[in-house]
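Morning, everyone. I'll go through the charged pairs, then the helix packing. Here is the model.

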Amino acid sequence: MPLSDPYAFQLAGFSEHDVEEILSDLDYLHRNSHWTHRRDQIERMIVDSPVILLDFLRSVQPEVVRNAMIPRRVKEAVLR
């Protein structure tokens, strides 16, 4: 799914590849988050805004973030 504003994601420190990896592991992350939105809604929101992406990842249990198949620097940014 293409990013709505790739430049905004780049400024926030996310590459398109980072977001693709997060989306590919979204089922696992979604099951362990506090968000009640449907998976497809979360996917659409994530590609719209890096702020929403971070909010979502911060709603996921920290141990799940550590074990997720997402880039290490994304994990570090979320777990700070």
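Start with Arg38. Arg38 forms a salt bridge with Asp40, and the closest N and O atoms are 3.1 Å apart. Keep in mind that this is a predicted model.

Stay on Asp40. Asp40 is partly exposed, at 31% relative accessibility. Asp40 also forms a salt bridge with Arg44, where the closest N and O atoms are 3.4 Å apart. How far apart along helix 4 are Asp40 and Arg44? They are four residues apart, so about one helical turn separates them. Arg44 is partly exposed too, with a relative accessible area of 41%. Salt bridges with shared partners also join Asp27, Arg39 and Glu43 into one network.

Arg39 and Asp27 form a salt bridge, with 2.5 Å between the closest N and O atoms. This pair links distant parts of the chain. Arg39 sits in helix 4, residues 39–48, and Asp27 sits in helix 3, residues 26–31. Twelve residues separate the two.

Now the buried side of helix 4. Which residues of helix 4 are buried? Ile42, Glu43, Ile46 and Val47. Looking down the axis of helix 4, these buried residues fall within an arc of 125°, so they line one face of the helix. What covers the buried residues of helix 4? The cover includes helix 1, helix 2, helix 3 and helix 5.

Let me take helix 5 from that group. Helix 4 and helix 5 pack with their axes 5 Å apart, at an angle of about 130°. That makes helix 4 oblique to helix 5. Who makes the contact? From helix 4, it is Ile42, Met45 and Ile46. From helix 5, it is Ile52, Leu53 and Phe56. By class, this contact has six nonpolar residues, no polar ones and no charged ones.

On to helix 5 itself. Its buried residues are Pro50, Leu53, Leu54, Phe56 and Leu57. They cover an arc of only 160° around the axis, which puts them on the same side of helix 5. They pack against helix 1, helix 2, helix 3, helix 4, helix 6 and helix 7.

Helix 7 is next. Helix 5 and helix 7 pack at an angle of about 75°, and their axes are 9 Å apart. The two helices are therefore roughly perpendicular to each other. Leu54, Leu57 and Arg58 make the contact from helix 5. Val74, Ala77 and Val78 make it from helix 7. The residues of this contact divide into five nonpolar, no polar and one charged.

Back up the chain to helix 2, residues 16–24. What is buried there? Asp18, Val19, Ile22 and Leu23. Their arc around the axis is only 135°, which puts them on the same side of helix 2. What do the buried residues of helix 2 pack against? Helix 1, helix 3, helix 4, helix 5 and helix 7.

Last stop, Ile70. Where is Ile70? In the loop between helix 6, residues 62–67, and helix 7. Is Ile70 buried or exposed? At 6% relative accessibility, Ile70 counts as buried, because the cut-off is under 20%. What does Ile70 touch, leaving aside neighbours within four places in sequence? Glu21, Ile22, Asp25, Leu29, Val65 and Lys75. Of these, Ile22 is one of the buried residues of helix 2. As for spacing, Ile70 and Arg80 are ten residues apart in sequence and 16 Å apart in space, C-alpha to C-alpha.

To recap. Helix 4 lies oblique to helix 5, and helix 5 lies roughly perpendicular to helix 7. Ile70 is a buried loop residue. That's me done.

Terms used:
Residues numbered from 1 in each chain as written. Predicted model: local features only at pLDDT ≥ 70, side-chain atom pairs only at ≥ 80, totals over all residues. Heavy atoms only, no water. Salt bridge = Lys/Arg side-chain N within 4 Å of Asp/Glu carboxyl O. Buried < 20%, exposed > 50% of the residue type's maximum accessible area, 1.4 Å probe, protein only. Arc of directions from axis to C-beta. Contact = heavy atoms within 4.5 Å. Axes fitted to C-alpha atoms, helices over the stretch in contact; angles between N-to-C directions. Parallel < 35°, antiparallel > 145°, perpendicular 65-115°, else oblique. Nonpolar A, V, L, I, M, F, W, Y, C, P; charged D, E, K, R; others polar.
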